[in-house]
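Subject: Handover of a structure and the findings so far

Dear colleague,

Please find below the structure that I am passing on to you.

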Amino acid sequence: MFIGWDWATETHDVTVIDASGKRVDRWELAHTEEGFAKTLARLRWHGTPADLPVAIETTRGLAVDRLLAPGHPVVPVRPNAVHAMRTH
């Protein structure tokens with residue numbers, strides 16, 4: 001499983017995909033302690049944190065800290081790199 005985290009100031013979108021690239025879960029969360037707690041619990045449904053790498057568009061901040069604490073590998077992705085891969 002792989003996690004994509006679309007980082008923003010007030011809300012975030014999280015998508016879980018399997019090894020074949022199929023989306024298996026997706027949700028939005030508020031940039032609050034409750035939002036992070038619910039998301040970390042939901043991620044645990046998909047596996048142990050060490051086995052769930054998270055691609056995110058930032059290298060620091062509360063979201064990254066909350067992901068690192070239980071052991072998620074965090075993979076920073078440049079936002080413009082994702083935009084460049086989209087078909088127009």
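The side chain of His-72 reaches the backbone oxygen of Pro-49 at 3.4 Å, a polar contact (a pair of N or O atoms within 3.5 Å; within protein, one must be able to donate a hydrogen and the other to accept it, and residues adjacent in sequence count only if both atoms are side-chain atoms). Please note that this is a predicted model, in which local features need pLDDT of at least 70 and side-chain atom pairs count only at pLDDT 80 or more, while totals for chains, interfaces and linings use all residues. Residues are numbered from 1 along each chain as its sequence is written, and side-chain values use heavy atoms, with hydrogens and water left out.

His-72 lies in the loop between α2 (62–68) and β5 (74–76); helices (H or I, at least four residues) and strands (E, at least two) are DSSP runs, numbered from the N terminus. With a relative accessible area of 3%, His-72 is buried. Here buried means under 20% relative accessible area, exposed over 50%, and partly exposed in between (1.4 Å probe, protein chains only). Leaving aside residues up to four places away in sequence, His-72 touches Leu-40, Leu-43, Pro-49, Leu-52, Val-54 and Leu-67, where contact means heavy atoms within 4.5 Å.

I turn now to the salt bridges. A salt bridge is a side-chain nitrogen of Lys or Arg within 4 Å of a carboxyl oxygen of Asp or Glu, and by this rule the count comes to 3.

One of them joins Arg-42 to Asp-25, with the closest N and O atoms 2.7 Å apart. This pair links distant parts of the chain, as Arg-42 belongs to helix α1 (residues 33–44) and Asp-25 to strand β3 (residues 23–30), 17 residues apart. Arg-42 is partly exposed at 24% relative accessible area, whereas Asp-25, at 12%, counts as buried.

Another salt bridge is formed by Arg-66 and Glu-33, whose closest N and O atoms are 2.4 Å apart. It too links distant parts of the chain: Arg-66 is in helix α2 and Glu-33 in helix α1, 33 residues apart. Arg-66 is partly exposed, with a relative accessible area of 23%, and Glu-33 is also partly exposed, at 44%.

Lys-38 and Glu-34 meet through their side chains in a salt bridge of 3.0 Å, N to O. Both residues lie in helix α1, 4 residues apart, about one turn of the helix, and both are exposed.

Yours sincerely
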